[in-house]
Amino acid sequence: MHATVLVTEWGDGDGPSDFDNIRGVVEQQDAKFTSSTYWDWKQSQQAGCSWSLFKCAVGPDNATVPNGVVDTAKLKVVSRVIPTAVVGTIHSFSYNDTTEVFEMRAAAPGAEAEPGVNTLVYVPAHVTRQP
């Protein structure tokens with residue numbers, strides 16, 4: 001069938017080993033060409049505040065403050081450079097969030113390629129490294 005899946009609603013804590021887990025998950029998803037949606041909801045202090053993409057911002061009544069602060073360290077791992085449309089056949093791609101290096105291997109069609117059709121790569125706004 002050559003179809004992929006969409007991994008929905010996944011997350012992990014914010015400890016050092018949790019970041020290793022998150023990196024491992026996104027690396028496996030990339031290797032299998034699998035898309036995903038990371039938890040972007042905001043947690044309350046009572047819930048632990050570590051699985052979300054937002055840092056725990058606690059108000060005076062111990063409730064989560066609306067529009068809390070994004071956990072930029074976690075965002076850097078889960079929002080990464082990825083190919084969104086590839087002319088030809090993609091063989092592999094990877095992105096290193098520490099070095100901000102993206103690599104992709106693909107076989108593009110020859111002269112029969114349709115003019116104006118391009119390979120598109122998504123680069124998140126937080127990526128600052130220039131080629």
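Which residue takes a positive phi in the hairpin of β4 and β5? To find out, open the structure, which is a predicted model, and take the stops below in order.

**Whole chain**

Start with the protein chain coloured by confidence. Its mean pLDDT is 81, and 79% of the residues reach 70 or more. Where pLDDT is low, the predicted coordinates should not be read in detail. Of the secondary structure elements, strand β1 (residues 6-10) has the lowest confidence, with a mean of 82. The highest belongs to strand β6 (residues 120-122), at 94.

Switch to a cartoon view. The chain contains 2 helices and 6 strands, and from one end of the sequence to the other they follow the pattern β-α-β-α-β-β-β-β.

Now show the surface. The accessible surface of the protein chain is about 8500 Å², and carbon and sulfur atoms supply 55% of that area. The chain has 131 residues, 29% of which are buried.

Select α1 (16-31) and β2 (35-38), then the loop between them, where Phe33 lies. Check the backbone here: phi of Phe33 is near 55°, a positive value in a residue other than glycine. Is the residue buried or partly exposed? Phe33 has a relative accessible area of 33%, so it counts as partly exposed.

**Strands β4 and β5**

Next select residues 89-96 and 101-107, which are strands β4 and β5. The two strands run antiparallel and are joined by 7 bridges. Within this pair, pick Phe93 and look across to β5, where Met104 stands opposite. While the side chains are on display, keep a general rule in mind: in a regular strand they alternate between the two faces of the sheet.

**Glu100, at the turn**

Move to the end of the hairpin, where 4 residues sit between the strands. Here is the reply to the opening question: Glu100 takes the positive phi, near 60°. Glu100 is placed in the loop between β4 and β5.

Phe33, by contrast, is partly exposed at 33%.

To finish, show both loops together: Phe33 between α1 and β2, and Glu100 between β4 and β5.

Methods:
Residues numbered from 1 in each chain as written. Predicted model: local features only at pLDDT ≥ 70, side-chain atom pairs only at ≥ 80, totals over all residues. Heavy atoms only, no water. pLDDT = per-residue confidence, 0-100. Buried < 20%, exposed > 50% of the residue type's maximum accessible area, 1.4 Å probe, protein only. Areas by Shrake-Rupley, 256 points an atom, 1.4 Å probe, with all protein chains shown as cover. Pairing = 2+ DSSP bridges.
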